[in-house]
Amino acid sequence: MSDENIIVVENLVKKFGNFTANDNLSFEVKKSEIFGFLGANGAGKTTAIKILCGLSFPTSGNVMVAGFDAYKQRNLIKKNIGYMSQGFSLYDDLTVKENIEFYAGIYGLSRKLIKQRFNELVGKLGIHDLKNKFVKDLPLGWKQKIAFSVAIFHRPRVVFLDEPTSGVDPITRRQFWDLIYEAVESGITVFVTTHYMDEAEYCNRLSIMVDGKIEAMGTPAELKDKYKASNMDDVFVKLARKA
Amino acid sequence: MNEIEIHNLYKSYGPTKALDNLSLSVEKNGFYGLIGPDGAGKSSLMRIITSLLLPDSGSVIVGGLDPVKDYKKLRLKLGYMPGKFSLYQDLSVEENLKFFARVFGTTIEENYHLIKPVYSQIEPFKNRRAGKLSGGMKQKLALSCALVHKPEILILDEPTTGVDAVSRREFWDMLAEIRKSGITILVSTPYMEEAVLCDKISLMFDGKVVDSGSPDDITSGFKNNLFIIKSANVPLLLNVLRGMEGLKSVNSFGQTIHVVADSSETGKPEIEEFLQKNNVSGCSVEQSPAGIEDCFIDHILTNTTT
Amino acid sequence: MNRFIGFIHKEFLHIFRDVRTMMILFLIPVFQILIFGYVVKNEVKDAKIAILDLSKDDVTTEIIAKLDAAEDIEVVKYLNAYDEIDGEFRANKIKAVVVFENGFANKLTKDKNANVQIVLDASDPNLANILNSYTTAILNNYNKENNINASGVNIVFDTKMWFNENISSAYMFVPGSMALILMVITALMSSISIVKEKETGTMEILLVSPLKPVQIILGKLAPYALLSAINAFSIVLIGNIVFGVPVNGSWGLLILTSFLYIMMALSLGVLVSTIAKNQQTAMFISMFVLMLPTMLLSGFIFPIENMPVVLQYISKIVPAKYFLIAIKNIMLKGQGIPYFWKELLVLIGMVVLFIGISVKKFKIRLD
């Protein structure tokens, strides 16, 4: 982790008519940090992520992602982030290789670079046997690992993960987090949203949103201390019930 | 007589084995959990129990009935909540509930006492379309619909997947409440931490039950010594510990690492010594009893290596 | 029974809450019938024709004068050779050419037989058709007035449709649209509504409920049967009031026949739903497997007699063919059951067959 801020949010407000989805959010995410963004259904997580990914405008406040402004430089933001959601972003009817070539192509990587990085990836994941298989024929664990590799294939500065390991077995989950650690090692910042607190425990720092506001922020240990809870689930429930 | 009794059950989809020689029994008024990741065979098992799928071989008795032959009688006894949210999104909360009551030949009023712990929470929104409900409320509506005909056996396929922590906890509380009326509950979840909320569980992986019993039975069946190491730099420590001999497994658990010793020869002193030798400081090593997830990982590792 | 009514109630809620479903059910049929109707109503006004008079005698001059005097026809050009016709048509200056053979008056008196040929630009088939009957009527009139037939003398007409030899009978539009609309809408909507339950997973719950498969199928179909019947009725009504298409036969028979056809379309819809796994597939099958044959092979647009033999055989399994024959008989000819009992039997057979297969194929389990 370094001191450089990759995401800076100051007094972010997003309104839909009279409804305030994001109520004065402020936080920073540092380079190579794993930042967990938690909140109940409807707490406003999705709205905030859309703004951070350059998909929608804030109503007011300052938002900088990867050094770019969320009002004026949305296209530059999009070029410098990666995204992976629980509903896989890979095409079932394309092979692993075709999927990667397609996504890399979108980000304007040269053929030579794609080939080079693809070969690296195949070596790293050990997917010589899988690379020409259709995605639909892969086990769930592999789909998730490959989807993550695709999301960071263009070496974004920050990658957004939406409930990345929901439903996978405990071993695959750990292999997945190994990949995340590796990405962090290479300087990528990781922004994770999840409902599942065991996943939250892997984050360096967490924020918990309740009704559009950030109610708590800190390391998992700090939060457990502060709310006198034995695990993050209790922290979360205490916070949400208070509201 | 057990409410659900399954012996040597097999089910394949083409070359894929979904259920592989699976046996389990759920006693009457039991609160039974199927714990396992996606693809472990939980849904297939539940669909066979609910008579929606035919088994390839093996014996299945549910509520004293054979789901293959007596499916008509059995279906009257069952309340089933499939994994996917399956209510009519274009109908209101009340219309959905009324529909399912009517289909089973009953009314909301008749069994209101039964659904009250669940339905009362969403009743204020009874005129809202089901499609406009939040995830937690949808689950409550689906549960109300599965309960409205007073089933004897309630089968819930991953009811808490994709639901936030608060709603999830409320949901489990409601299940405990419903159980008091004598209903047998079989519920599945991919989340290990939810296992302890059930009386008895089966850990499922690759179509097999790798362990069964009460959560305590399962954790006390973990024979190796387990150590929890806290560290500020988990990735680094993981790499270091993976180089240590005498360890069965090294796994990250959030900001901690769980280390399972091969034998009693590897203990806290040996681990601390090894860390010191590798210039790692600032970690604490504590011996600890195993959790469900430790047991699960252990079973997968032994299952896949043998 | 209460279960079943509850089910139907739910189906109606689905239908009335979905704007798209309502549009497909009610707006599209009305628009379609109006569009077809407009095409037919396209009357001939000041149609420009040319004369190729190879005889140039008294009789031809008289006939030409009669043509020119007719209200909706205007003779704009005199051609000198047959070769010129094609150019004129392509230049789109005229719609028809009336050709008198060489030595017309002579032949009429000597051989008591002379030939007039009407050459029509049938690239617009309706116009050509109407123009043809206009011209023929005028010539016929001339025949009558001069008592040519009685004296055994005859002008022989020879009509040539250019660019479109098989002219379609657009007067069929009301029965035809009924066949098409009922087939597509009924089969499409019912199959989609069943497949939708599969897709959203609600079918799983219905299956584990005490509802019998037959109840699920019938409950799905009943609302569409009713709405289609309303549709059929409004098509006949629009055809009758707006376009004056008659119902010469019995209304009771018409309703019965239409209902039989609706049942057939519904059972086809169920059949589609047992094959299709998602709504797109259901839509695709309904559109291509059901709509195209109904439009092209039923005799609605192209007469079956003029089709290649292979297509004629295929048309035998197109249900709309039998429906069309039956309701044409009822509406246009005013005939009763003795004239089309065979067609009705075929339709009944189809309903039984399709429902039989559907109930067999409808799964009481997943898989």
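**Hairpin, rings and a covered helix**

Trainee: In the hairpin of S11(B) and S12(B), which residue takes a positive phi?
Mentor: The hairpin has 2 residues between the strands. Strands (E, at least two residues) and helices (H or I, at least four) are DSSP runs, numbered from the N terminus. The residue with phi near 65 degrees is B:Gly254.

Trainee: What kind of model is this?
Mentor: Residues count from 1 along each chain as its sequence is written, chains are lettered from A and ligands numbered from 1 in the order written, and side-chain values use heavy atoms, without hydrogens and water. Local features need pLDDT of at least 70, side-chain atom pairs count only at pLDDT 80 or more, and totals for chains, interfaces and linings use all residues, since the model is predicted.

Trainee: Over how many bridges do S11(B) and S12(B) pair?
Mentor: Strands pair if DSSP finds at least two bridges between them. Here the sense is antiparallel. B:Phe253 stands opposite B:Thr256 in S12(B). The bridges between S11(B) and S12(B) number 6.

Trainee: Why is S11(B) largely enclosed by the rest of the structure?
Mentor: Buried means under 20% relative accessible area, exposed over 50%, partly exposed in between (1.4 Å probe, protein chains only). S11(B) spans residues 247-253. The strand is largely enclosed because its buried residues are 6 of the 7.

Trainee: Which residue lies over the face of B:Phe253?
Mentor: A charge sits over a ring if NZ of Lys or CZ of Arg is within 6 Å of the ring centre and within 35 degrees of the ring normal. Here the distance from the ring centre is 4.2 Å. The residue over B:Phe253 is A:Arg174.

Trainee: How many aromatic pairs does a search of the whole structure find?
Mentor: Rings of Phe, Tyr and Trp (its six-membered ring) pair if their centres lie within 6.5 Å; planes under 30 degrees apart are stacked, over 60 edge-to-face, the rest tilted. One of the pairs is A:Phe102 and A:Tyr103, edge-to-face at 5.2 Å and 70 degrees. Over all chains, the count is 24.

Trainee: How many of the residues of H1(A) are buried?
Mentor: H1(A) covers residues 45-52 and is mostly covered. Among its buried residues are A:Lys45 and A:Ile49. A:Gly54 follows H1(A), with a positive phi near 80 degrees. Of the 8 residues of H1(A), the buried ones number 6.
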